[in-house]
Amino acid sequence: MTLISEPAAMSAPVTLTVSDGVALIGLSRPEQGNAIDLPMARALLDTAAEVASLSEVGAVVLFGHGAQFCVGGDLREFAAAQAPGAFIAELAQTAHEALLGLRALTVPLVSAVHGACAGGGIGFALAADIVLAERTSRFLVAYTAAGLSPDCGVSWQLTRRLGPAVAGDMILTNRSLNGEEAARLGLISRAVEPGTAYQEALRLARSLADGPREALTRSRRLIHSATVTPLEQQLQHEAESITALIQTLDGSEGVTAFLAKRRPNFTRPRRGVRTS
């Protein structure tokens, strides 16, 4: 497997590169720590919609250009707004639509966290199905330090992943966690060595893109519904899903390959390379 290097940052606030079935979405305001402003939020919304339309994409990586993953909202923009309330309402609404667009993707999403991951950046990182963070990365909520409260799903994600006690500590006191602590507490999926988050995320995404597309889509759907669905209903959903999958080409091939102790040859859409 040949891994490509991290795409270069561009003047656009979000970069998109598609290669070998993987879409690479890059937050691209490196000189501002990839702080979220209105153009970035709009670009993320558009990019999520574009990725959703690409049939060749089998997995997605979300990463940050430069030294930080994302330091959260751009407070300089907040302070400069002539009508702060209207500005924040528009920014939050757009960012939330972008986040929901990423969550609604039918293929696995992997986030690669390095450096600072703060404020709304936490919400975007945790929107992924699998979150990889370098051991030296730093998760910091930071809203109350600026006299604000969370957005971008931060209160929702932290409370569900960590429980109200630890979530309260992070949100109310601005306790920070490094990548190793975040993995131990269950905030993220895996802690990786410094300088390796992007390549590890790309390696994982490539593996997922080569996997059984429909099985991954249905499995993601089951995971997303598990916390709000009663067990009896979840069991019914599981039964319907596995019944449908065994009747697909990938399901048949997967079972046959497993019994034959060989690597399965799953179907894959035609793939190309594009950058925007």
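Author: Axes are lines fitted to C-alpha atoms, for helices over the stretch in contact, with angles from 0 to 180 degrees between N-to-C directions. Helices (H or I, at least four residues) and strands (E, at least two) are DSSP runs, numbered from the N terminus. This is a predicted model; local features need pLDDT of at least 70, side-chain atom pairs need 80 or more, and totals for chains, interfaces and linings use all residues. Numbering starts from 1 along each chain as its sequence is written, and side-chain values use heavy atoms, without hydrogens or water.

Start with helix 8 (residues 213–226) and helix 9 (residues 231–246). Their axes come within 11 Å and cross at roughly 180°. The two are therefore roughly antiparallel (over 145 degrees). Helix 8 makes contact (heavy atoms within 4.5 Å) through Glu214, Ala215, Arg218, Leu222, Ser225 and Ala226. Helix 9 answers with Gln234, His237, Glu238, Ser241, Ala244 and Leu245.

Now the rings. The whole structure holds two aromatic pairs (ring centres within 6.5 Å). Phenylalanine 63 and tyrosine 198 sit 5.1 Å centre to centre, with 65° between the planes. That is edge-to-face (over 60 degrees). Phenylalanine 63 lies in strand 3 (residues 59–64) and tyrosine 198 in helix 7 (residues 197–209), 135 residues apart. Both are buried (under 20% relative accessible area). Phenylalanine 78 and phenylalanine 87 are also edge-to-face, with centres 6.3 Å apart and planes at 65°. Phenylalanine 87 is buried, at 16%.

Last, the cysteines. There are zero disulfides (sulfur atoms within 2.5 Å). For cysteine 117, the nearest cysteine sulfur belongs to cysteine 70, 6.9 Å away. Cysteine 117 is buried, at 0%.

How values were computed: Parallel < 35°, antiparallel > 145°, perpendicular 65-115°, else oblique. Buried < 20%, exposed > 50% of the residue type's maximum accessible area, 1.4 Å probe, protein only. Phe/Tyr/Trp six-rings, centres within 6.5 Å; stacked < 30°, edge-to-face > 60°.
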